[in-house]
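Please keep the sequence and the 3D view open while reading.

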Amino acid sequence: MTRKLVPRLRLLSAPALFATLASAGCASSSGPIAIPPDAAAIHAAGRARDAFEERRRLVRDPDLGARIAEIGVEALAETPLFATPDGVGPALQEGWRFAVLDDPEPEAFLFANRTVFVSRGALAALPGEAALVALFRSAATTFASGAFRPVAAGELVEQPLSLVLPAEPDSATPAEGVRSRDRWLDLLDGLLFGQPAEYGVADGRKLLLPGADVHLSLPGQGAFEPAGRGVFRATRKGEWLGLTVRELPASDPSGNGASGRNGNGVAAQRAELADLGARLRRAAACRGAETKFTEAFRVRGFTGVRTRLDPAPRETGTEGPVAMEGACEDAPRLPEGSAAGAADAPAGLIALVRSRGSLIEVSLHCGRRRFDACEALFVEVLESADRLWDAPAPESLRIAAVVAGESGSVRGALGRLAAGGRLDAPLATVEFLNRGWIEEPLGPGERVLILSRNPGRTAPAAGGKKP
C-alpha cells in the first residue's frame with residue numbers, strides 16, 4: 001500500500017484559528033450539532049494508528065504524558081461541540097488519548113479513534129499553555145465536525161489528519177499569565193530539543209559528528225546550525241554562507257565502498273575512490289550540473305574526493321540544465337541553488353569524505369562570490385577535518401527552566417545569560433522559546449527557558465524536574 005506523505009504543519013494566528021473553529025459546527029436553534037466519525041472511520045483509525053506508531057517513536061516520560069493528557073482533557077471540556085445539552089457532546093469527551101512524538105519537527109496529528117499526537121518539536125514551537133489548549137480544542141472540533149465523513153460514498157478519509165499549530169502568544173491577564181507560564185516551564189523543563197547528539201552537534205564554529213568520529217571547523221566568525229537530521233548549514237550573523245555539511249550512510253555496511261573490497265592495498269583504495277567519484281557525478285547529474293577538475297585528497301587519515309560543479313550545457317529548446325533521468329536515486333543531495341548560476345560562473349564545490357561507517361558530504365554554493373575566495377573557504381573547511389580521538393560525545397541539547405537572577409524583562413535576562421555563557425544555543429533560538437512573555441518583567445525567583453547540554457547543572461536552581 002502506498003503511503004501518502006502527511007503535509008507539514010502550518011502556523012495559524014489565533015483569530016483565524018478560532019474563526020475556523022466557530023465555523024466548524026452547524027448552526028441551529030439549539031446550537032451546534034456534533035457530527036463524529038462513523039464506525040468505518042473509527043475502525044480504519046485503529047489500523048492507521050498502529051502503522052503510525054510503528055514508524056514514529058514516542059517520548060517515554062510518564063510525567064510529561066500525564067500533564068499533556070491533563071491539558072487535553074481540560075481543552076475538551078472547553079470545546080463548544082462537546083458542551084451540547086443533549087448528552088451526545090459530553091459522551092464524546094470520553095476515551096481520548098494524547099501522546100508526544102519523539103520528533104523535533106513541529107507536527108500534530110488526529111485520528112478518528114480520538115487519538116492526538118503532538119511532537120516535542122511542536123511543544124517547543126508553541127508560545128505557551130494557552131496555545132496547546134487551542135491546538136487540542138482544534139483537534140476536538142475537527143473530530144466532531146464531520147471531518148472524517150467521506151464526501152463520496154464508499155470512500156474513507158485518509159488518516160491521520162494534520163492539525164494547525166497556533167502561532168500567537170497567550171493573551172491572558174498578567175496574574176494568569178505568570179501562573180500559566182510557570183506551568184508551561186515545568187512542562188518543558190528537561191525536554192530534548194532538536195535532534196539527539198548522535199546525529200551531530202553544532203558547537204559554534206565546530207561541528208561534531210560522533211557517529212562518523214569526525215569534527216570540522218569554520219574559519220572566522222561563522223557558526224554551524226542544524227538544518228535537519230544529520231544536516232548542518234554554516235552561517236555568519238544569521239546569513240547562510242552557502243556551505244552545507246551532511247552525514248550520509250556508506251555505500252555498504254562494511255564502509256569499504258560499493259566494490260566491497262577490503263584491505264588497504266592499491267586496488268582497494270582505487271575502488272574506494274572510484275565509488276566516491278561515482279557518487280559525486282550522480283549528485284551533479286541530479287541537479288543538472290556537471291563535474292570538472294575532480295581530484296582525490298587525504299587529510300589526517302580521511303580519504304575524500306572533491307570536484308567543481310558547473311551548470312550542464314542546455315539542450316536545444318530548453319530553458320535550463322537538464323538532469324539525467326534516474327540520476328537522483330541514492331545520490332547525495334545538494335543545497336538549493338548549488339547547481340544553478342550564470343554560464344560563466346561556477347555553480348559550486350562538493351566533496352565526499354569517507355569516515356568510519358559513513359560519508360561526510362561538504363557542499364558550497366559560491367553564488368556571486370569570486371571563485372578563488374569560495375574555493376579557499378571550501379578547502380579550509382575540508383582541511384580542518386579531524387577525528388574526535390575518543391573524546392566523550394556531547395550531551396544532547398535540552399530545554400531547561402532556570403531562575404533569571406536579576407529583575408528586568410525576560411529579553412534582558414536572556415541577554416545576560418548569553419553574555420555569561422549560560423546558553424548552549426543561539427540567543428535568537430532561546431528568545432523564540434520565550435516569545436510568549438519575552439517583553440514581560442520578571443519578579444524574584446521567576447524563571448525563563450534556556451537551552452543547555454547539561455541541564456542537570458541548571459535544573460536544581462529552577463526547581464523543575466530533571467530529565
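This is a predicted model: local features need pLDDT of at least 70, side-chain atom pairs count only at pLDDT 80 or more; totals for chains, interfaces and linings use all residues.

## The chain as a whole

The protein chain holds 12 helices and 20 strands, and of its 467 residues 47% are buried. When contacts between residues at least 6 apart in sequence are considered, 67% of them join residues that are at least 24 apart.

Arg300 sits in the loop that runs between strand S13, residues 289-299, and strand S14, residues 302-311. Although Arg300 is not a glycine, its phi is positive, at about 50°. For background, most residues other than glycine have a negative phi. Once the neighbours within four places in sequence are set aside, the contacts of Arg300 are with Glu383, Ser384, Ala385 and Asp386. Asp386 lies 86 residues away from Arg300 along the chain, yet the C-alpha atoms of the two are separated by 6.2 Å.

Glu295 belongs to strand S13 itself, and because its relative accessible area is 37%, Glu295 is partly exposed. With neighbours within four places in sequence again left aside, Glu295 is in contact with Gly304, Val305 and Arg306.

Asp213 lies in the loop between strand S8, residues 206-209, and strand S9, residues 214-217. Is Asp213 buried or exposed? Asp213 counts as buried, because its relative accessibility is 13% and the cut-off for a buried residue is under 20%.

Asn454 is located in the loop between strand S20, residues 447-452, and helix H12, residues 455-462. With a relative accessible area of 37%, Asn454 is partly exposed. Asn454 and Asp424 are 30 residues apart along the chain, and their C-alpha atoms are separated by 9.1 Å.

## A cis peptide bond

Which residues are joined by a cis peptide bond? The bond is the one between Gln159 and Pro160, where omega is about 5°. Pro160 lies in the loop between H6 and strand S5, the latter covering residues 161-162, and H6 is one of the two helices described next.

## The packing of H3 and H6

Helix H3, residues 62-77, and helix H6, residues 129-144, have axes that come within 8 Å and cross at roughly 60°. That angle makes H3 oblique to H6, and the crossing in which H3 passes H6 is right-handed.

On the side of H3, the residues that meet H6 are Arg67, Ile68, Ile71, Gly72, Glu74, Ala75 and Leu76, while H6 contributes Glu129, Leu132, Val133, Phe136, Arg137 and Ala140 to the meeting. By residue class, the contact of H3 with H6 is made up of 8 nonpolar, 1 polar and 4 charged residues.

## The disulfide

How many disulfides are there in the count? The count comes to 1 disulfide, and this link is formed by Cys366 and Cys374, whose sulfur atoms are 2.0 Å apart. The link of Cys366 and Cys374 is left-handed, with -80° about the S-S bond. Cys366 and Cys374 are both buried.

Technical notes. Residues are numbered from 1 along each chain as its sequence is written. Side-chain values use heavy atoms; hydrogens and water are left out. Axes are lines fitted to C-alpha atoms, for helices over the stretch in contact, and angles run from 0 to 180 degrees between N-to-C directions. Helices (H or I, at least four residues) and strands (E, at least two) are DSSP runs, numbered from the N terminus. Angles under 35 degrees count as roughly parallel, over 145 as roughly antiparallel, 65 to 115 as roughly perpendicular and the rest as oblique. A crossing is left-handed if the near helix is turned anticlockwise from the far one by less than a right angle, and right-handed if clockwise. Contact means heavy atoms within 4.5 Å. Ala, Val, Leu, Ile, Met, Phe, Trp, Tyr, Cys and Pro count as nonpolar, Asp, Glu, Lys and Arg as charged, and the others, Gly among them, as polar. A disulfide is a pair of cysteine sulfur atoms within 2.5 Å. Buried means under 20% relative accessible area, exposed over 50%, partly exposed in between (1.4 Å probe, protein chains only).
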